[in-house]
Amino acid sequence: MTINGTKFYGMLISAANALDNKQEIINNMNVFPVPDGDTGINMTLTMRTMKNLSDTDSLSDCAKKAADVALRSARGNSGAILSLFFRGMAKAFRGLEEADCVHVAYAFGTGYSEAYKAVMNPTKGTILTVMQKVADRAQELTEDARLKIENLFERLVETAEVALAKTPEQLPKLKEAHVVDAGGYGFVTILKGMLAALKNHPVVLEKEADAPTEEATFADFDAEEITFAYCTECIVQKSEEYTGEDTAEEFHQFLCTVGDSVVFAEDEEIIKLHVHTDHPGQVMEQALRFGSLATVKIENMKLQHSAKVVEQEKSGAKVASPEKKYGFVSVCLGDGIADAFRDIGADRIIHGGQTMNPSTQDIIDAVNLTPSEYVFVLPNNKNIYMVAEQASKLIKDKKVVVIPTRSVPQGIAAMIAFNPDGTPEDNQAAMEDSLSSVVSMSVTEAVRSTTVSGEAIKDGQMLGLVDGVIECVTDSEQECLRKLAKKIGGASYVMVFCGEGVSEEAQAQAEAILREHAPDCEISVMYGGQPLYPYVISVE
């Protein structure tokens, strides 16, 4: 038995549907309680684009097209790893009309290798561990010449499930939270979906009519006179409390108070909305009261960073001609933070970050539209760096350097370290060296109850983070700030970005708290507008 392009296409669609069905389960496996780019969403959005492929008899063509669309739509680390796995498979299937067990086993090996070499510091107990066990087992099984592809996948699913079950023993934080690795679970789900198609019982979407298989489109809206900056769209999977028709009218009425061009539709299971607003974070916060976010899209209309405008620009000049030697692309959320990056020289802003990881294609488009010979990309988030790296490898017309910034404070420090008269190599070194000179602090709300390093955290408590690590857990923002403020002694400069919804009174209180603990330090408090994080603090 062999598989051709048509069969492989069916396996991919079945796998994508399986991920869609398990998306929320995978999201809930995220151990860290801070708002982050959810693994289930990132993997689903990476796989979902494969549904747009055309059927083909050639395995080589199908695998190549699947790898290409996955790589360009990859989001977050899990999505990037997944897309690279399929790129490795495509390399193994190159030139083949169909594949037998030996070819498939080789493809699993090249898929794992392609993904593994792209990760800077591979950790045991993650999706890569599951992939490795599957790849090794596939090679062992090919020694049986009688083995059929269906049987091969059955054995590989068994191997993957065993490897997944062992991830808590390899990664203590998983064991502490009583979960297996989310990315590994997603990979097992993909294998099961592919096996189901091989058995001629492909996985279908559990809610075929309602499932968000495509991005919401609202092309009929007139955007000539823009009153509100952000075009905000999302699909909400209703929680059990709100299941049923006409249960979310309160949400509808709220939207009417924060913006215009409101489109609101709901059925028993989902809410689909569109609104033009200056406060997308408030919309997301309200949406989470009624369920979980299935899809989110926030576009800055005034800055022409919407997908529609990008497509229009792409249909014309795909690459901006160099008007200068150096340019910058920065990823961030919040119009105040975006303005700060522009003030120090950013050419293009990609609106993304926690909970909204941009795709590879988003980064490619922003780089191509930057009118410079060299483009420095600042991902400003550990979950975006890998996608930015992959994007840089796909860009041919510009020289791209990705600076490994993990936070907004690091991104700002990197840009300040830039010397317009320096060489690309010297600038890269200086910008990377600057990252160690800044400490990134933030305050956010726990989105799930869990245990971290032996400390129980309740959903809704406030978390104080230092360089991404939970430093304190409190019941109020002010208490959280006080505990963080004790760690800024000796700093020369502190910059605070206040998030969306933080009042002027609260901003003044935050400044007073910081000055109390660092009276000799220069402190700057400004509006950042970022959602989900009331305070983002840069300490130098």
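**Helix packing, an open sheet and aromatic pairs**

Hi everyone, let's start with a helix contact: Glu-250, Phe-251, Phe-254, Leu-255 and Val-258 in H11 meet Gln-282, Val-283, Gln-286, Ala-287, Arg-289 and Phe-290 in H12, where contact means heavy atoms within 4.5 Å. By class, this contact has seven nonpolar, two polar and two charged residues. For the classes, Ala, Val, Leu, Ile, Met, Phe, Trp, Tyr, Cys and Pro count as nonpolar, Asp, Glu, Lys and Arg as charged, and the others, Gly among them, as polar.

A word on the source: this is a predicted model, where local features need pLDDT of at least 70 and side-chain atom pairs count only at pLDDT 80 or more, while totals for chains, interfaces and linings use all residues. Residues are numbered from 1 along each chain as its sequence is written, and side-chain values use heavy atoms, leaving out hydrogens and water. Helices (H or I, at least four residues) and strands (E, at least two) are DSSP runs, numbered from the N terminus.

Back to our two helices. H11 covers residues 249-258 and H12 residues 280-290, and they pack at about 175° with their axes 11 Å apart. That makes H11 roughly antiparallel to H12; the cut-offs are under 35 degrees for roughly parallel, over 145 for roughly antiparallel, 65 to 115 for roughly perpendicular, and oblique for the rest. The axes are lines fitted to C-alpha atoms, for helices over the stretch in contact, and angles run from 0 to 180 degrees between N-to-C directions.

How far apart are the ring centres of Tyr-242 and Phe-290? They are 4.5 Å apart with the planes at 50°, so the pair is tilted. The rule: rings of Phe, Tyr and Trp (its six-membered ring) pair if their centres lie within 6.5 Å, with planes under 30 degrees apart counted as stacked, over 60 as edge-to-face and the rest as tilted. Tyr-242 sits in the loop between strand S3 (230-238) and H11, 48 residues from Phe-290. Tyr-242 is buried at 14% relative accessibility, and Phe-290 is buried at 1%; buried means under 20% relative accessible area, exposed over 50%, partly exposed in between (1.4 Å probe, protein chains only).

Next, Phe-328 and Phe-418: their ring centres are 4.9 Å apart and their planes at 90°, so this pair is edge-to-face. Phe-328 is in strand S7 (residues 324-332), and Phe-418 lies 90 residues away in the loop between helix H17 (408-416) and helix H18 (424-434). Both Phe-328 and Phe-418 are buried. The count of aromatic pairs comes to 14, and Phe-85, Phe-86, Phe-108, Phe-153 and Phe-187 form one aromatic cluster.

Now helix H2, residues 39-48. How many of its ten residues are buried? Nine of them are, among them Ile-41, Met-43 and Met-47. The buried residues of H2 pack against several elements, including helix H1 (5-27), helix H6 (127-141) and strand S6 (291-300).

Finally, the sheet. Six strands form an open sheet in the order S15-S14-S11-S18-S16-S17, with mixed pairing; two strands pair if DSSP finds at least two bridges between them. Strand S15 (469-474) and strand S17 (522-527) stand at the edges with a single partner strand each, so one side of each is left without a neighbour in the sheet. Inside the order, S16 (residues 493-498) and S18 (residues 535-539) pair in the antiparallel sense over five bridges, and Val-496 has Ile-537 in S18 as its bridge partner.
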